[in-house]
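Dear colleague,

I am handing over the structure that follows, together with some notes on what was found in it. Please read the notes with the structure open beside them.

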Amino acid sequence: MASVMKTTRDVKGIGLSILRPDGPDKVTGQVQYVADLNPRGLLHAKLLRSPYAHAKIVRIDVSRARALPGVRAVLTAADIPVLKKKAPTRAHAVLAIDRVVFAGQPVAAVAADELAIAEEALDLIDVQYDVLPVAADPLESMKPGAPPVAELGTEADTSEALAHGSVAGVTTEAKSSKAVNISQQARLQRGDVAKGFAESDVVIENTYRVPMVHQGYLEPHAVLAQWDTAGNLTLWASTQGSFNTRSEVADVLELPENRIKVIPMECGGGFGGKIRALCEPITAVLARATGRPVRYVMTRREELEAGMPAPQVIIKMKTGVKRDGTLMALEAEAILESGAFSGAVLAVAGVFLASLYRWPSFDVQGFEVLTHKPSIAAYRAPVAPQTIFAIDSQMEQIAKAIGVDPVEFRLRHLQREGDKMANNQPWLSNGAVEVLTRLAEHPLWKKRAEWKASSKDGKLRGTGLSLGGWLGGLQPTGATVRLNPDGTLQVLTGQVDIAGTNIALAQIAATAYGVDIDKVKITTGDTDVAPMTGLSAGSKTTYTVGVAVMQAAENARNQTLEIAAKELEASVHDLEIDNDKVVVRGVPDKGITLASIGKKGNLYMSKVEPVLGTSHPAFSVQAPAFCGQLARVEVDPDTGEVTLHNFVVAQDVGKAINPLQIEGQMQGGAVQSLGMALTEALIYDDQARLTNPSLLDYRKLTSADLPSIETIIVEKPAPHGPFGARGVGEPPIVPAPAAIANAIEDATGVRLTHLPLSPERIALAIAAAS
Amino acid sequence: MRRFELVLPGSVDDCVKALAQAGPESKLLAGGTDLLPQLKNGLLKPARVIDLSGVPRLRAIEPGNGQGLRVGSAVTARTLELDRAVRAKYLSLAESGALVGSVQVRNLATLGGNLCNAAPSADMAPPLLALDAEAVVTGPKGERRVPIAAFFTGVRKTVLAPDELLVELVLPNPGARSGGSYLRHTPRRELDIAVVGVASQLTLANGVCTKARIALAAVAPIPLRATAAEQALEGQAVTPDRIKRAADLAVEAARPISDQRGSADFRRHLVRVLTRRTLTTALARASA
Ligand SMILES: Cc1cc2nc3c(=O)[nH]c(=O)nc-3n(C[C@H](O)[C@H](O)[C@H](O)COP(=O)(O)OP(=O)(O)OC[C@H]3O[C@@H](n4cnc5c(N)ncnc54)[C@H](O)[C@@H]3O)c2cc1C
């Protein structure tokens, strides 16, 4: 797929820092999100949600709600015949049937003329519940006899792992008749672990815990649904993948896919939370029941209570090494709490745990456990931050215990290209070593002793770093590139731009075709018109769609040159594109403009074929991408408050197509990573009800908590990426939890293994230690 | 949010009348930073909302008796943060205003709203307790004064009757050699609610503490004074040892619960730390 470009001059394309063209519209409020759409006859939807995490629905009486003026429809599961009790995914569980399995699960739906009327109608629906025992804690829920979550015989959902395409060669199995809530389990083994530990000098054992966290996209889930009289459904959606949304809605509502058109609206962030369908099916059903366009926009509270957060991850890890630092054995057990529906990327967790460093023997087990909480979804490099927190905290402690430099220790044992991962697949080319080396050369790392010694006013100073990464996803895709009658280029994909990828794709088209970026326009088409494509997830948009766009542009270029060759009566090989025309090399006045070639392709009675470059590649080679982060902190030992003085992100991006956008991804990812490290947690009570359902108590970091974040772009070309590019979206969310834990230990001597590294945990640990 | 009728009185009298007519189904609206989230989340569903933004008297800051200060209930947190008269003698109150929410929230949030919402964590309450403030309340039966220490009766409960409104706070002059400080702990630097808040005020004469006030937020259903800790300082020279002892006594006054914002243990720990720190600052300011 990699191709050598034969451009004869430097076009303004890849490598330039170009502002996103959609930026000004976004910051000035001009962009239309789903919530801004206001078609004639619009109705507003609201969902009645269960206050209980586990209860039998005895009776629902909607008669009073239906009688409220302005209410157009009130539906329960009984009104939707396609619903099945054994819902395999959250999307299929449109409304609860007989039993609710998490607090916040929709039980009834209302469409009304005004939002306030829809809300009033919710008050008028009488639901009688029989409250049932709750499985609120994954460790309890794993035990035989725990209250069951899924209906007996519901299949585990491993499609999320497939969608991320991240690991091959691990089979996860749904299992265990006794432990009803273990929905998947996996095991990876190599060598003799018992012997490895027996021969170890230093054995370290810890349990790491990372709570459920929410992706925190600015725009909540939102959708607008409308049917035409012929029975075609149109969905204006905030989604990370319009074709996936179409497939899921088609599956849930038992519709042919070509009867559904998904129009991907401007997406105000997704981070994995907008991959799977959530409120689309019920909104479509309400629209059908009323014959009117219906819009549903989740509130922030609903997002936090009943969105699709990241799983809680509990990792027990035991490592054994020789005093000289030789790695001997690794034993780990990872428990992923998935909430009420299966769907965790269990295999990814297992592979990560045993594949980063060269453990000669390992035994890694993983369990996906269901509880009565909202079901989970992906969150930017799903389970990588959680597993790297465990791995990297552990590596740091081992280095400390045997008294070696922590960077050298990591570098010595890091798996290199060709080494076997835990699933026996070879590691592919990656920049892990380069990234870690760059961080270790950073003055903040070199001067860490001075920083520590400079502690004053009772505060303690420290430095920490961590290395993590992401294997990179794959999915077939497609793109077309057309030459317009005025010589400009038109790129079409179905790929949703959630990260500034469209400008990068346009830059790729410019360079591959041979025109400047200002000649290129890129459009994300809807599912009726665009070439089919995958999710904007798995750090694969630039990596895969970039290849499609590059090939389509090359294809269009070749078509253009062939037409020019005929027109100029020259050989294709003697031609080159010089921004707005095709010229014969060495004969500057012999040429034809792109505009005239474009025009001929759209002229009445013309025999010249219009230029239409196409590409629809599938992929088999991933591009792992690594990110290292370094934190310089100051800790108030009395209050446990952590002040971040400096934060550095170094990342291998393969080739920086648009450095500015990449830096934005690195900084944004780092901020989310730091939030997981320091403050974020969905906190549930013993009845599995969320106790912090607002952004005041669910603490994303604000700019007041953050220093300016330094970025270091490392370029180790990905052999199969477009111009060598790798995915950049996910890696920067991975390292901060371990980097901060390591920095806190450097400052205070206290090692913390549970996230978030809150002031309370820090202060009480310091108090207990002294 | 449910539909409601909005009333816009132009004076305190109109407001009292509107309250009397509206009955228990009505709510007063100042900045709305507490009320609106409660309406949106369906915790409250009032039929009528009485908006105080058109009542100028409630926004006034005026000199009080004996060189004290009268602060209207609708004075915003941002004004408390910046107002010269407040900063001159009541720095702890200005500090508490400066800590609320973000600048956007502070431009809306009012002193009266903070007190009448009566959250155990309300930041502006401890400084007022430490400053011996009085609340001026009015209703159909006329005006009455309530010492701020008696204003709060429980979580989200005050002495206000449903037809009464808080007009202003009367702050006595703390005197020349007096200094105060308010500190709170939050996991996040901005936009967060106090896990514990502590206000201290020390008044000195001839090197001896003549009056000590220590008030705590978020460690009991209502904001509390740590009176035993105060007494341990009064009549004494304030030394680091005595500050330490007072901080220990303040911990005994706290009756914290564990919730999603912090455990009871951490809250006790913070009372000790923040009492020590606010007393140290108050002493420095009183001595300056
Ligand atoms: C993002 C955010 C951050 C916040 N951060 C903080 C913080 O750091 N510290 C903190 O303490 N609080 C904080 N709060 C809570 C809130 O901002 C404060 O309590 C604020 O002072 C409330 O004032 P208000 O004018 O907005 O009150 P409103 O919401 O208008 O009213 C609050 C209550 O008081 C009643 N009321 C208002 N005025 C009167 C009156 N004159 N007489 C009788 N009753 C009255 C209302 O009926 C209502 O019940 C925060 C809130 C938000 C949304």
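Two strands are said to pair if DSSP finds at least two bridges between them, and helices (H or I, at least four residues) and strands (E, at least two) are DSSP runs, numbered from the N terminus. On that basis, strand β10 (residues 233–237) of chain A runs parallel to β11(A), and five bridges join the two. Within this pairing, W236(A) is found opposite I263(A) of β11(A). Strand β11 of chain A spans residues 260–264 and is mostly covered, with four of its five residues buried, where buried means under 20% relative accessible area, exposed over 50%, and partly exposed in between (1.4 Å probe, protein chains only).

Before going further, please note that this is a predicted model, in which local features need pLDDT of at least 70 and side-chain atom pairs count only at pLDDT 80 or more, while totals for chains, interfaces and linings use all residues. Residues are numbered from 1 along each chain as its sequence is written, chains are lettered from A and ligands numbered from 1 in the order in which they are written, and side-chain values use heavy atoms, with hydrogens and water left out.

The ligand is surrounded by 33 residues, and the closest are L28(B), T33(B), D34(B), T110(B) and D123(B). Because the residues around the ligand come from chains A and B, the site is shared between chains. By class, this shell holds 19 nonpolar, nine polar and five charged residues (Ala, Val, Leu, Ile, Met, Phe, Trp, Tyr, Cys and Pro count as nonpolar, Asp, Glu, Lys and Arg as charged, and the others, Gly among them, as polar).

Several atom pairs can be named here. A polar backbone atom of L28(B) lies 2.5 Å from an oxygen atom of the ligand, and a backbone N or O atom of L35(B) is 2.6 Å from an oxygen atom of the ligand. In D123(B), a polar side-chain atom is 2.6 Å from a nitrogen atom of the ligand. The elements of chain B that give two or more residues to the shell are β2 (26–29), α7 (111–117) and β10 (165–171), and α7(B) gives the most, with four residues.

Elsewhere in chain B, L8(B) sits in the loop between β1 (5–7) and α1 (12–22), and it counts as exposed because its relative accessibility is 57%. L8(B) and A18(B) are ten residues apart in sequence, and their C-alpha atoms are 9.0 Å apart in space.

With best wishes

How values were computed. Near = heavy atom within 4 Å. Polar contact = N/O pair within 3.5 Å; in protein donor to acceptor, adjacent residues only side chain to side chain.
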